[in-house]
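Here is a short report on one protein chain. Please keep the sequence and the structure open while reading.

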Amino acid sequence: MIEKLKKQPGLVALLLLVAAVTIFLFRGSGGPSPTPTPEAFFTVDDGKTFFSAPITNLPPFQHEGQEAVAAKVFTSDGGETQFVGFLEKYSDELKAKLETAESFNKQIGVLAGSRGRGTLVKRPGDAEWVVASDPRAKEIRRVTDDSGRPARAMLAVN
């Protein structure tokens, strides 16, 4: 199952978006205090630092006067040390389609239909953004720590 998901980055993004939308839609239902909007990690300095913000932000977006992109944060020691494994953003064309979608369900359909062609990824420090459907993107998304051990993705918790 994991191998199938690794070969389909668009599907992984879609599943994450569905999970975030589900949490967002059901937040605060029945409880006295609403659950905060789910968050994701972002960066404005090519992954040197990162911050969390609502997952509803579509990267790239403006944050305090700078362009922010998604920062995919990883750990290999249970969360003690965290680092940005790769960066992600949407092409102008895909972002425009997502912004004009009338609902989260339609955004999910737009992402599924793009099949990774409008999602761009790169490692921190790399100059070139690579389309997620490009075979090179698989290596970019295969994140290890300094010793070569596989790293585990971290979720932004608010």
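## Burial and surface

This is a predicted model. The chain has 158 residues, and 37% of them count as buried. Its accessible surface comes to about 9,600 Å². Carbon and sulfur atoms hold 55% of that area.

## Fold and confidence

The chain contains 5 helices and 8 strands. Read from the N terminus, the order of elements is α-α-β-β-β-β-β-α-α-β-β-α-β. Take the contacts between residues at least 6 apart in sequence: 48% of them join residues at least 24 apart.

The average pLDDT of the chain is 84. A score of at least 70 is reached by 77% of the residues. Residues 17–29 need care, as pLDDT stays under 50 there. For this stretch the model has 17 contacts beyond four places in sequence. Where pLDDT is low, predicted coordinates should not be read in detail.

Lys122 belongs to strand 6, which spans residues 119–122. Is Lys122 buried or exposed? Its relative accessibility is 5%, so Lys122 counts as buried, the cut-off being under 20%.

Which side chain makes a polar contact with that of Lys122? The partner is Asp46, at 2.6 Å. The Lys122 side chain also reaches a backbone atom: the oxygen of Asp126, at 2.5 Å. Lys122 lies over the face of Trp129, 5.6 Å from the ring centre.

Neighbours within four places in sequence can be set aside. Lys122 is then in contact with Asp46, Phe86, Leu87, Glu128, Trp129 and Ile140.

## Asp126 in the loop

Asp126 sits in the loop between strand 6 and strand 7 (130–131). How exposed is Asp126? Its relative accessible area is 32%, so Asp126 is partly exposed; that class lies between 20% and 50%.

Asp126 can also be placed relative to Leu87. The two are 39 residues apart in sequence. In space, their C-alpha atoms are 9.9 Å apart.

## Aromatic pairs

How many aromatic pairs does the structure hold? There are 5. One of them joins Phe42 and Phe61 in an edge-to-face arrangement. The centres are 5.0 Å apart, with 85° between the planes. This pair links distant parts of the chain, 19 residues apart. Phe42 is in strand 1 (residues 39–43), and Phe61 is in strand 3 (residues 61–63).

Both Phe42 and Phe61 are buried. Ring pairs also bring in Phe51, giving a cluster of Phe42, Phe51 and Phe61.

## Ser114 in helix 4

Ser114 is placed in helix 4, which covers residues 104–114. With a relative accessibility of 10%, Ser114 counts as buried. Where does a polar atom of its side chain find a backbone oxygen? The oxygen belongs to Leu111, and the distance is 2.8 Å.

Conventions: Residues are numbered from 1 along each chain as its sequence is written. This is a predicted model: local features need pLDDT of at least 70, side-chain atom pairs count only at pLDDT 80 or more; totals for chains, interfaces and linings use all residues. Side-chain values use heavy atoms; hydrogens and water are left out. Helices (H or I, at least four residues) and strands (E, at least two) are DSSP runs, numbered from the N terminus. Buried means under 20% relative accessible area, exposed over 50%, partly exposed in between (1.4 Å probe, protein chains only). A polar contact is a pair of N or O atoms within 3.5 Å; within protein, one must be able to donate a hydrogen and the other to accept it, and residues adjacent in sequence count only if both atoms are side-chain atoms. Contact means heavy atoms within 4.5 Å. Accessible areas come from the Shrake-Rupley method with a 1.4 Å probe; for residues, only the protein chains shown count as cover. Rings of Phe, Tyr and Trp (its six-membered ring) pair if their centres lie within 6.5 Å; planes under 30 degrees apart count as stacked, over 60 as edge-to-face and the rest as tilted. A charge sits over a ring if NZ of Lys or CZ of Arg is within 6 Å of the ring centre and within 35 degrees of the ring normal. pLDDT is the predictor's confidence in each residue, from 0 to 100.
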